[in-house]
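I opened my notebook to get to know a new protein. Here is what I looked up, step by step.

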Amino acid sequence: MSPSPDVSLVDVDEAVLEQLLELAKRDASPDEVAPPLGGPGWNLERTAWFYSYHRAAAHGLDGDAGEKSWGILVDGSLAGSIRLRRVDSGNGVAAADTGIWLGRSFRSRGIGTAALRLVLDVARNAGISEVTARTLTGNLGAQRVLASAGAVLTPDDDGTVSAVVVL
């Protein structure tokens, strides 16, 4: 059995932001990383969204965006990004949602599981009681990562799966 990778989170400053975009362009589908803006591929609109999103999320959960994004470091290499965003649970519970993307060459190595655990620790420390996520029905890797964190998975009629982790 191979040793677990050393996974940590790093704040997204301008240098990390440039590295994340390069990684996304080289090792991930644009649709895994950003909304479908301006057509296919990494066009100007999608790239502008990427910069804007991460810059706004740099101010953290208590910033105007109510969101924080991090770069995921694996053994010193940038592997992808993960986020945590405050949301209204509708039931009075302090809640957030999360999302992650990893470069293809970093998948299926336990990195997503380790990064999610780190983000769940941040959520606990911020007083968040429930973290949700959503993935596609066919994304079995993401479902395994979420289930390993104790998420209850619920298939939806729209081809997605909702996940809830109670902290």
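The entries below go from the whole chain down to single pairs of side chains.

**Entry 1: the model.** I noted before anything else that this is a predicted model.

**Entry 2: the elements.** I looked up the secondary structure and found 5 helices and 7 strands in the protein chain. Reading from the N terminus, I wrote the order down as β-α-α-α-β-β-β-α-β-α-β-β. The radius of gyration is 15 Å, close to the 15 Å that the globule rule gives for 167 residues, so the chain is as compact as a globular protein of that length. I also noted a box of roughly 45 × 40 × 35 Å, taken along the principal axes, which the C-alpha atoms fill.

Entry 3: How much of the chain is buried? I found that buried residues make up 41% of the 167 residues. Then I checked contacts with a separation of 6 or more, and residues 24 or more positions apart account for 55% of them.

**Entry 4: charges.** I looked up 15 positive and 21 negative charges, and their mean positions are 4 Å apart. How many salt bridges does the structure hold? My answer is 12.

**Entry 5: Asp-62 and Arg-86.** These two side chains meet in a salt bridge at 3.3 Å, N to O. The pair links distant parts of the chain, 24 residues apart: Asp-62 sits in the loop between helix H3 and strand S2, and Arg-86 in strand S3. I found Asp-62 exposed, with a relative accessible area of 72%, while Arg-86 is partly exposed at 34%.

**Entry 6: Asp-97 and Arg-85.** Here the closest N and O atoms of the salt bridge are 2.5 Å apart. Asp-97 lies in strand S4 and Arg-85 in strand S3, so the pair ties together parts that are 12 residues apart in sequence. Is Asp-97 buried or exposed? I noted it as buried, because its relative accessible area is 11% and the cut-off for buried is under 20%. Arg-85 counts as partly exposed at 31%. I then saw that Asp-97 and Arg-85 belong to a network of salt bridges that also links Glu-67 and Arg-83.

**Entry 7: Asp-158 and Arg-134.** My last pair forms a salt bridge with its closest N and O atoms 4.0 Å apart. Asp-158 is in the loop between strands S6 and S7, Arg-134 is in strand S5, and they are 24 residues apart. I found both Asp-158 and Arg-134 exposed.

Terms used: Residues numbered from 1 in each chain as written. Predicted model: local features only at pLDDT ≥ 70, side-chain atom pairs only at ≥ 80, totals over all residues. Heavy atoms only, no water. Helix = DSSP H or I, 4+ residues; strand = E, 2+ residues; numbered from the N terminus. Rg over C-alpha atoms; globule rule 2.2 N^0.38 Å. Buried < 20%, exposed > 50% of the residue type's maximum accessible area, 1.4 Å probe, protein only. Contact = heavy atoms within 4.5 Å. Lys, Arg positive; Asp, Glu negative; His and termini not counted. Charge placed at Lys NZ, Arg CZ, Asp CG, Glu CD.
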